[in-house]
Amino acid sequence: FEANPPFIPKIMGEMISCIERLLMARETVNIGLSFSVILPGWQEQAYWNKLTNEKNSFVKARVLIAASDHGFVSGAQHQRKDRFMDS
């Protein structure tokens, strides 16, 4: 699954907790489950600590991309001169 929530710290933290519960439950029934999570690298936020904590065995890889190195396509791309927006 892909998870790309609204960038509101409380919602992102709740999403991480929900994903962790799902991954723990999945271990009891022995099924495969994985998530790609897209979040801002706001290191001062609690959700960031949950993801980068060395004790979190669910996190298999992390990729941190500088805001200046990526952007996104606006939902109104058909109305814009420049298709991409800065992140």
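Biologist: Which residues does Met 15 touch, not counting residues up to four places away in sequence?

Modeller: Bear in mind that this is a predicted model. Met 15 is one of the buried residues of α1, and the buried residues of that helix pack against β1, β2 and α2. Leaving out residues up to four places away in sequence, Met 15 touches Ala 3, Pro 5, Val 37 and Leu 39.

Biologist: How far apart are the end C-alpha atoms of helix α1, and what span should its 21 residues have?

Modeller: Helix α1 covers residues 9–29, and at 1.5 Å a residue it should span 30 Å. The model agrees with that, because the end C-alpha atoms are 31 Å apart.

Biologist: What supplies the largest share of the largest nonpolar core?

Modeller: That core has 10 residues in all, including Ala 3, Leu 39 and Trp 48. α1 and α2 each supply at least two of its residues. The largest share, 5 residues, comes from α1.

Biologist: How many aromatic pairs does the structure hold, and which kind is the one between Phe 7 and Trp 42?

Modeller: The structure holds 2 aromatic pairs. In this one, the rings sit 6.3 Å centre to centre with 80 degrees between the planes. Planes over 60 degrees apart count as edge-to-face, so Phe 7 and Trp 42 are edge-to-face.

Biologist: Is Phe 7 buried, exposed or partly exposed?

Modeller: Phe 7 lies in the loop between β1 and α1. Buried means under 20% relative accessible area and exposed means over 50%. Phe 7 has 41% relative accessibility, so it counts as partly exposed.

Conventions. Residues numbered from 1 in each chain as written. Predicted model: local features only at pLDDT ≥ 70, side-chain atom pairs only at ≥ 80, totals over all residues. Heavy atoms only, no water. Helix = DSSP H or I, 4+ residues; strand = E, 2+ residues; numbered from the N terminus. Expected span 1.5 Å × (residues − 1). Buried < 20%, exposed > 50% of the residue type's maximum accessible area, 1.4 Å probe, protein only. Contact = heavy atoms within 4.5 Å. Core = buried A, V, L, I, M, F, W, Y, C linked by side-chain atoms within 4.5 Å. Phe/Tyr/Trp six-rings, centres within 6.5 Å; stacked < 30°, edge-to-face > 60°.
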